[in-house]
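Keep the structure open while you read, and click along.

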Amino acid sequence: MGVSGYRIDFAVPVGTDYFAPIDGTIVKVGQCWGAAYGQHAVLMKIGSGPLKGKHIVFGHGSKYSVAVGDKVSKGTKLGKTGAEGNVSGPHLHMEIQDGPGWKKASGIDPKPVLEA
């Protein structure tokens, strides 16, 4: 696992299932915050806990298993990891921001979500 600011990269092989770390609603799938995160990214609005209302992106996937509007619970399969977009190898990228749009250097500490 690599941490850069508040972006976290989990080194995993292509095709590894990944799951929602917290309850939320899927607001976008596909190219979420530009091509850098690949064609199979998932953007979710956090639905509970101290970061309720914030947005979390899962990038560089090879497949998504959810659709816009889906209400997901912690543990729901979101997709499969990959190496799409701007990457140097397969991994899952996770980043939390205030709103559904990406803003440079404005990530939010994911600790409350990871501890949930």
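The largest nonpolar core has 20 residues, and the ones touching the most other members are Ile 26, Ile 56, Phe 58 and Leu 78. Keep in mind that this is a predicted model. Four strands each put at least two residues into this core: strand 4 (24-30), strand 5 (41-46), strand 6 (55-59) and strand 10 (92-97). There's also a second, separate core of 6 residues, with Cys 32, Tyr 37, Ala 41 and Val 57 among them.

Leaving out residues up to four places away in sequence, Ile 56 touches Pro 21, then Val 42, Leu 43, Met 44 and Ile 46, then Met 94, Glu 95 and Ile 96, and finally Val 113.

How many bridges hold strand 4 and strand 5 together? They pair over 6 bridges, in the antiparallel sense. One spot to look at is Gly 24, which sits opposite Ile 46 of strand 5. Strand 5 also pairs with strand 6, again antiparallel, this time over 4 bridges. Here Leu 43 faces Val 57 of strand 6. Strand 5 is mostly covered, with 5 of its 6 residues buried.

**Met 94**

Over in strand 10 you'll find Met 94. With a relative accessible area of 3%, Met 94 is buried, because anything under 20% counts that way.

Another group to look at is an open sheet of 3 strands, ordered 3-9-7 with antiparallel pairing. Strand 3 (17-19) and strand 7 (61-64) are the edge strands; each has a single partner, so one side of each has no neighbour in the sheet. On average, neighbouring strands here are turned by 35° against each other, ignoring direction. Strand 3 and strand 9 (residues 77-81) run antiparallel and are joined by 3 bridges. Within that pairing, Tyr 18 has Gly 79 of strand 9 as its bridge partner.

**Aromatic pairs**

Which aromatic rings pair up? A search of the whole structure turns up 2 pairs. Tyr 18 and Phe 58 make a tilted one, while Trp 33 and Tyr 37 make an edge-to-face one. A pair of rings like this is described by the distance of the centres and the angle of the planes.

| Pair | Arrangement | Centre to centre | Angle between planes |
|---|---|---|---|
| Tyr 18 and Phe 58 | tilted | 5.6 Å | 35° |
| Trp 33 and Tyr 37 | edge-to-face | 6.0 Å | 65° |

The Tyr 18 and Phe 58 pair links distant parts of the chain: Tyr 18 belongs to strand 3 and Phe 58 to strand 6, 40 residues apart. Tyr 18 counts as buried because its relative accessibility is 4%, and Phe 58 counts as buried at 2%. In the other pair, both Trp 33 and Tyr 37 are buried.

**His 60**

Last stop: where is His 60? It's in the loop between strand 6 and strand 7. Is His 60 buried or exposed? At 3% relative accessibility, His 60 counts as buried. A polar atom of its side chain lies 2.6 Å from the backbone oxygen of Glu 84.

Most residues other than glycine have a negative phi. His 60 isn't a glycine, yet its phi is positive, at about 75°.

Notes
Residues numbered from 1 in each chain as written. Predicted model: local features only at pLDDT ≥ 70, side-chain atom pairs only at ≥ 80, totals over all residues. Heavy atoms only, no water. Core = buried A, V, L, I, M, F, W, Y, C linked by side-chain atoms within 4.5 Å. Buried < 20%, exposed > 50% of the residue type's maximum accessible area, 1.4 Å probe, protein only. Contact = heavy atoms within 4.5 Å. Pairing = 2+ DSSP bridges. Axes fitted to C-alpha atoms, helices over the stretch in contact; angles between N-to-C directions. Phe/Tyr/Trp six-rings, centres within 6.5 Å; stacked < 30°, edge-to-face > 60°. Polar contact = N/O pair within 3.5 Å; in protein donor to acceptor, adjacent residues only side chain to side chain.
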